[in-house]
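The sequence and structure are shown first.

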Amino acid sequence: MKAIRRFTVRPVLPEPLQPLSELARNLRWSWHAETRDLFQSVDPERWASSGGDPVRLLGSVRPARLAELAGDRRFLRRLTAAADDLRDYVTGDRWYQGRSDGLPAAVAYFSPEFGITAALPQYSGGLGILAGDHLKAASDLGVPLIGVGLLYRHGYFRQTLSRDGWQQEHYPVLDPNELPVTQLREADGSPARVSLALPRGRALHARIWVAQVGRIPLLMLDSDVEENDLGERGVTDRLYGGGSEHRLLQEMLLGIGGVRAVRTYCRLTGHPEPEVFHTNEGHAGFLGLERIAELCDGGLDFDAALEAVRAGTVFTTHTPVPAGIDRFDRELLARHFGPDAELPGIDVERILRLGMETYPGGEPNLFNMAVMGLRLAQRANGVSLLHGSVSRGMFSGLWPGFDPDEVPITSVTNGVHAPTWVAPEVFRLGARQIGAQRTEDALSVGGSDRWDAVADIPDEDIWELRRELREQLVVEVRKRLWAAWRQRGAGTAELGWIDGVLDPDVLTIGFARRVPSYKRLTLMLRDRDRLMDLLLHPERPIQIVVAGKAHPADDGGKRLIQELVRFADDPRVRHRIVFLPDYGMAMAQKLYHGCDVWLNNPLRPLEACGTSGMKAALNGCLNLSVLDGWWDEWYQPDFGWAIPTADGIGYDTEHRDDLEAAALYDLLEQRVAPRFYERGRGGLPDRWIEMVRRTLTLLGPKVLAGRMVREYVDRLYAPAAHAHRALDPEAARELAAWKARVRAAWPEVTVDHVETSSPVAERAEAPSSTASAELGSTLGLRVRVGLGSLGPDDVEVQAVSGRVDEEDRITDATTVPLKPNGAPDADGRWVYEGPLSLDRTGPYGYTVRILPTHRLLASSAELGLMTVPPEDSGQAAGVLLR
């Protein structure tokens, strides 16, 4: 019979074991090996059956066993040591506390998903895992972050396969009382709540759950409360589910409700209020509207409030394609804001303008969440150097007239939380070399450019480590494959062949990720005969482990999975290639540990960063990847291979896939497999081991989330905190009034005449004329400009110079500010002067431009305003030297 109601019965821990509850409720156990070992020793069998989840373990362990442990002095000593270590970790000074004054008192970090541990399944892929690693690294560094997300009652789906290899989704119900979270409560013990106003007098209520991630509280909003109607209860039902209105309500709850949850948490706990708000992708962008509304309630007008909010906001974009951005119909948005819904004090038209795609090719009837995120943040970044460049090009229409490299979007390359992703065997090997504490610090805090101690590890130890991890992977794959085939309907008698799947001495390649089309799951199948030859090579075989989930609505992705599964089902190769369903954090850790090569073959440049290869590298796995995302930035032949690409050549997709697949096969046949199986005098693959050594030495320190978070602190959080403090109400009003004045006056700003005092320039009759000058000489520039009602304090007049291409476009530009010479003339025109140094040889050119300037701007491009000489004036390019 089926139960009509479900609830959780918690065990009563004996008094000596009470610290176990504290340890279980702080998710530091998910990356702290000693704490996990302690829980495993409580009951090894139940620890395994609980999936390594301390909360589930303590909910199932027998009272007799608890009583036994309460009298076990050795266990109690270990428990006391673990509890003391956690308290020291949570309360002691760390990297952040040793920094100089001026850093933000707190930072609120918003994300639609967080991948902390498999025991808290609130993630779908890279964005969530990155957010989880960000929180963990911030905890290790002592950065005072508050995480903000949603608690999805079904989490992300579980994946199985039908007999014919079609993906099937299952949505198990998650009971928050069985998760490592606690409910935030008011002083009187009642649940803390946030509420949003909905159209037609309705409301959306949510309670607040707190997951403690080391030092970091993660607040998660849950709409499944009795006060809500059935529709509103389902707002947080599943991650990335439902139609447009469902997604809009999720994002309003995350952004607007999230700010209200932060205020509630700080009120109840005394946590410092955030000075900086970090929006991890556009889903949480509405947080800026709520903060504007707060300031308007305090007496600021909308424009001044907007400036104050922008000063303290950081926006990170993770998508390199417009299709990956959430966009909503303007009418849908208008219904959910205004007098009869949420934020009634703000004019709906002002809200709609924040998300308008005002650039060429934009859709005027759509509201773009990334565009709003950029307009509400004074600082923005992509997640690798290449992605930063792609983002500047993708969003350049918001800053018309500026070259893409001047668009104010920087980049902070993602990193991964090494204590989470490094195999215990790798950690122990490092501890043998430099000690456990130094190894822990190197992996969590980082700070060095190289891990030179790796050079002292003997070759045989490295090779034995890699062989041990590969063998563990083989065992894991066989176990998971057997379970997967049972779910597909196979009988036990059919599955004897699984005992021979994979070989711990064969070169093992891993490929695991989400399955959108651009990641090209099936590129390896372009020439199946050639792939079979690689898998079955008599002397140098390879074996491949594949995993991945397609979005439930993506039938194209599901077809790719089915295509690969059917190939892997072929009795001729099924011992050499496997597809493992239900890819998640627990499976990923085994794959990263045990693979020799990590394969990544997206369509360049559509991989924003792609951190899976970083996690593999930290375990001595070599990368074989297209030069995209982080690999484009840090690739060296010393520690992997670059798959040649045909992007930008104009091939159709099919032909491009054929070319790049052929390049992949060539690399595997001619370079990767021979290097793995080649043996030196001592019987070891010396050159392969050296590549592993170089990977750990040079890549290891770079790919750390600790490095990433330190960059966020120094380059984005600290400047945002300074700007936030500078934008007090008076300064915010001043800046808003100045911007309004500048925008109104800008049509009157002109460049009227440009001349040089150099005889060389006087001989150049037009930009196309040929002239020459010597390297190192200097030209004197004299520019006459009209500023209308603006003055020299409102603008900067610049000379822009550099090499020019065949169309007289300036490349690799250098800018030099020019100075006003005296007062305006009788016509109200100003003269600006300055030197132009000729510091490069070859075709060279210059132009001049006028930009707004103010002490409170973060970038001269912030307003998107620029004036240059008119093109028909003969001065637009100002080419001097051909």
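Which element gives the most to the lining of the second largest pocket? It is α11, with five residues.

## Basis

This is a predicted model, in which local features need pLDDT of at least 70, side-chain atom pairs count only at pLDDT 80 or more, and totals for chains, interfaces and linings use all residues. Residues are numbered from 1 along each chain as its sequence is written, and side-chain values use heavy atoms, with hydrogens and water left out.

## Second largest pocket

The second largest pocket (an open set of points on a 1 Å grid with protein on both sides within 12 Å along at least five of seven lines) holds about 800 Å³ of space. It is lined by 29 residues (those with an atom within 4 Å of a point), and Leu306, Arg375, Arg743, Glu862 and Leu863 are the closest to its centre. Two or more lining residues come from each of α11 (302-311), α13 (348-354), α14 (369-375), β13 (379-382) and α28 (729-745); helices are DSSP runs of H or I with at least four residues, strands runs of E with at least two. The lining has 15 nonpolar, four polar and ten charged residues.

## Cavities

There are six cavities of 30 Å³ or more, a cavity being a set of grid points where a 1.4 Å probe fits but cannot get out.

## Surface

Tyr651 lies in the loop between β20 (640-643) and α25 (653-677).

Methods: Points joined across faces, edges and corners; volume = space filled by probe spheres on them. Nonpolar A, V, L, I, M, F, W, Y, C, P; charged D, E, K, R; others polar.
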